[in-house]
Amino acid sequence: MAERVAPAEEHGGDEPPAAVPEPEVAREWLSTMMLIRRFEERAGEMYAKAKIGGFLHLSIGEEATIVGSARALRDEDYLISTYRSHGHAIVRGTPPENVMAELFGRVDGCSRGRGGSMHMFDLQRRFMGGYGIVGGNLPIAAGFGLAADYLGSEAATLCTFGDGASNQGTFGETMNLAALWHLPVVFLVTNNQFGMGTALERHSAVTDLRVKGEGFGVPGVRCDGMDVLDTYSVVSEALRVAREDRRPMLVEAVTYRFRGHSMADPEEYRTKEQVEQWRLRDPIDQFALRLREAGAIGADEARRLDADAIARVDAAVAFADASPLPEPDSLYDDVYVLGDQVRGWYSVDTTHPESGAPEPGEGR
Ligand SMILES: Cc1ncc(C[n+]2csc(CCOP(=O)(O)OP(=O)(O)O)c2C)c(N)n1
Ligand SMILES: [Mg+2]
């Protein structure tokens with residue numbers, strides 16, 4: 001059986017540590033990681049109080065991977081994620097109020113309360129969701145890459161998915177097309193060591209996930225997903241290659257989820273000791289310490305930033321609670337594309353030209 005990836009081993013190993021950014025930037029990264037952590041903790045509590053229905057997947061422990069990778073993006077770039085995506089919406093700038101309202105199924109949710117936990121979405125901020133199908137977001141990311149080429153835009157796409165998703169057929173299919181068509185996409189495999197209750201070495205024959213795209217023509221690199229600085233630096237370079245050289249890249253971020261797969265997980269597949277061992281490398285504590293040592297934040301600043309994060313999450317819960325549920329009459333809104341909502345050959349009866357079928361080349 002393959003060796004499992006051990007915490008603190010190999011990643012970041014002998015390499016010089018990545019540089020600390022300007023204090024203002026560093027503080028923003030730390031606050032965003034804290035906001036995601038506090039948001040997730042409250043979401044778990046709200047689920048226990050039955051304020052949230054359906055599934056709930058928390059990303060506690062994965063904050064450095066989320067913030068380090070997303071901060072390497074430009075505003076015009078696209079981010080697409082999985083069902084574990086509250087943090088991705090927040091890091092992209094969706095107000096936590098609207099993320100919490102989405103969890104509560106309320107009209108002010110970022111998907112108007114119709115998506116819930118797994119279907120966060122924010123087109124304005126180019127956060128393209130939230131997908132419940134494991135590996136389902138990979139081909140869609142390739143589509144964004146193809147669209148960028150087609151439109152002649154400089155936008156790159158960052159597609160995050162799990163270690164388990166790297167076993168899906170969509171992984172190989174997408175790697176092949178992305179390499180063949182020179183798509184500007186960075187594929188970020190968030191290796192949190194498990195696909196539900198199945199450990200990496202029990203679900204993947206190749207546990208060195210960064211090499212899994214190579215046979216398809218997609219080179220891979222690895223970053224320490226518990227270190228926001230390393231993640232930022234590795235993903236920034238991968239995005240540069242994707243954008244400038246028009247070559248897709250695979251980045252493996254080695255991290256860990258401190259909580260269960262979802263709220264319904266008895267966690268019988270791992271020991272408390274293993275979780276404790278990884279908790280010693282808590283990405284928020286590590287980064288706060290690094291910033292204090294570098295003099296980028298004062299002795300008490302981390303505590304103040306954390307208090308701000310808690311207050312912001314309190315406000316998000318109050319906002320979500322006050323937001324109404326969607327009207328029952330609106331149940332079928334946005335389910336079907338009707339009539340002339342989309343002008344294209346597929347939305348009109350082309351056997352009757354008078355029905356409004358567009359001329360060739362029209363209606364793209
Ligand atoms: C196609 C498909 N198969 C199975 C599932 C059930 N399922 C939900 S999450 C999950 C595990 C995925 O693990 P990973 O890709 O490592 O992501 P993580 O949950 O660790 O973030 C599975 C099997 C699903 N949602 N979609
Ligand atoms: Mg996983």
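Good morning. The structure is a predicted model, in which local features need pLDDT of at least 70, side-chain atom pairs count only at pLDDT 80 or more, and totals for chains, interfaces and linings use all residues. Residues are numbered from 1 along each chain as its sequence is written, while chains are lettered from A and ligands numbered from 1 in the order in which they are written.

I begin with the sheet. Five strands form an open sheet in the order β1-β2-β3-β7-β6, with parallel pairing. Strands (E, at least two residues) and helices (H or I, at least four) are DSSP runs, numbered from the N terminus, and two strands pair if DSSP finds at least two bridges between them. Because β1 (78-80) and β6 (220-224) each have a single partner strand, they stand at the edges, and one side of each is left without a neighbour in the sheet. Within the sheet, β3 (residues 185-191) and β7 (residues 249-254) pair in the parallel sense over six bridges. T190, for instance, has A253 in β7 as its bridge partner.

Next, which residues are the closest to ligand 1? They are V134, G162, G164, A165 and G195, among 15 that surround it; a residue is near a molecule if its C-beta atom, placed from the backbone, lies within 6 Å of it. Two or more residues of this shell come from each of β2 (157-162) and β4 (194-195).

Finally, helix α1 (residues 23-48) has 26 residues. From its first C-alpha to its last, α1 reaches 38 Å, close to the 38 Å expected at 1.5 Å a residue; the expected span is 1.5 Å times one less than the number of residues. After α1 comes A50, with a positive phi near 65°.
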